[in-house]
Amino acid sequence: EWKHYQKNGKFEPGSCTIDYWPAMEEYSEEASYQTSFVHEDGSPAYVFSSADPGTVDLHFQWMQEYGIDGVFVQRFIHGTRNEKLKANYHKVFDNCYLASEKHDRIVSVMYDLSGSPQDFIVEHTKKDWRTLVDRYNLTDPGKSNLLTHRGKPVVAIWGAGFKDRDYTLPEIKELIDFFKNDPEYGGCSVLLGVPTGWRELNRDCIDDPMMHELIRMADIVHPWTPGRYRNLEEVNQHRTQYTEPDKAWCDENGLTYMPVVFPGFSWYNLKGGEDDFNRIPRLKGDFLWRQFYNAVSADVETIYVAMFDEIDEGTAIFKVTNNPPVGESPFLTYEGLPSDYYLRLTGEATRMLRKEVPLSENSQLFPE
């Protein structure tokens, strides 16, 4: 249906969750769904569904074409209570898994704990993981389409230590132990998604020393930064205050540090117009590139780009249109840049990370 597009049960002008509109030229006719939105010339606007195998295959084709390694496929644990939603999760992951094999990309499961109540995440995450492992053999490090770390498949647990969460740190500790040590379904490296203030237990992080115990149990530290800085000056301040000392802490504790970068942020339609439109401007790619440069110059080994397809929080890097629908719901564009600009920018940054091209404070990529 319109799960990821609708606002208050409706997907129509004036009621939607997305701030960008996907560029639909390359999707098949049968995978293009007509909406009640219209373009400036009066033609109907279409969207895609990730439940279609051909759509996800196209996305992985883009990853291969532009040199992006692959994706973490998000699974919201609270959604596994709903059988219809869980079936959709399985369908989308099935599409991702098959497309990753076809296009020589990698996938990893990311369990997002957001919205989960207490005494819930352990049982339901374990149950879901067993289902996926039985179906896809996700604990086999020999599979070329699985992300591995130090010879072990990676599974991500996102949402440890954020304030105002019902689930607890002991529950997350049990999950880490399960993924690492279970005799049948373990043997994994664990990526732990944590707040920006994880190291000093401040800012968006709970003040509980058990956080550091959990982090030391994991293998990869993944601090969440979208929305934590809004311009180039703040990006540079973040490098000094967080990126460099965070990496030093991880190095001292034998952990891999995986910073997050994001191209911009806007969730005006998602919030029903009660937030700034284009809250964090992209600056025609300069905002994202400065984060890439700062991370690579801090000698990180890996970078997480948020997000490949998140049009409802305005962080997408995949192809969006410069000709969105007109009317009651406003939409952003890539400021006249080509629809593939952020895919190209991410591919260029990948090469810079791997030292295949020189480190450069300014992107050498220009629109054709």
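Residues are numbered from 1 along each chain as its sequence is written, and side-chain values use heavy atoms, with hydrogens and water left out. Because the model is predicted, local features need pLDDT of at least 70 and side-chain atom pairs count only at pLDDT 80 or more, whereas totals for chains, interfaces and linings use all residues.

**View 1. Salt bridge between Lys 86 and Glu 83 in helix H2.** The closest N and O atoms of Lys 86 and Glu 83 are 3.3 Å apart; a salt bridge is a side-chain nitrogen of Lys or Arg within 4 Å of a carboxyl oxygen of Asp or Glu. The two residues are 3 residues apart in helix H2 (residues 83–102) and are therefore separated by about one helical turn. Helices (H or I, at least four residues) and strands (E, at least two) are DSSP runs, numbered from the N terminus. Lys 86 is buried at 16% relative accessibility, while Glu 83 is exposed at 54%. Buried means under 20% relative accessible area, exposed over 50%, and partly exposed in between (1.4 Å probe, protein chains only).

**View 2. Salt bridge between Glu 213 and Lys 173.** The N to O distance in this pair is 2.7 Å. Glu 213 belongs to helix H5 (residues 210–217) and Lys 173 to helix H4 (residues 169–181), so the bridge ties together parts that are 40 residues apart in sequence. Glu 213 is partly exposed, at 36%, and Lys 173 is partly exposed, at 31%.

**View 3. Salt bridge between Lys 180 and Asp 219.** The closest N and O atoms of this pair lie 2.8 Å apart. Lys 180 is in helix H4 and Asp 219 in the loop between H5 and strand S8 (220–223), so parts 39 residues apart in sequence are tied together. Lys 180 is partly exposed at 21% relative accessibility, whereas Asp 219 is buried at 13%.

**View 4. Helices H6 and H7.** The axes of H6 (residues 232–252) and H7 (residues 286–297) come within 10 Å and cross at roughly 15°. Axes are lines fitted to C-alpha atoms, for helices over the stretch in contact, and angles run from 0 to 180 degrees between N-to-C directions. H6 is thus roughly parallel to H7; angles under 35 degrees count as roughly parallel. Residues of H6 that meet H7 include Leu 232 and Arg 239, and their counterparts in H7 include Phe 287 and Tyr 293; contact means heavy atoms within 4.5 Å.

How values were computed: Angles under 35 degrees count as roughly parallel, over 145 as roughly antiparallel, 65 to 115 as roughly perpendicular and the rest as oblique.
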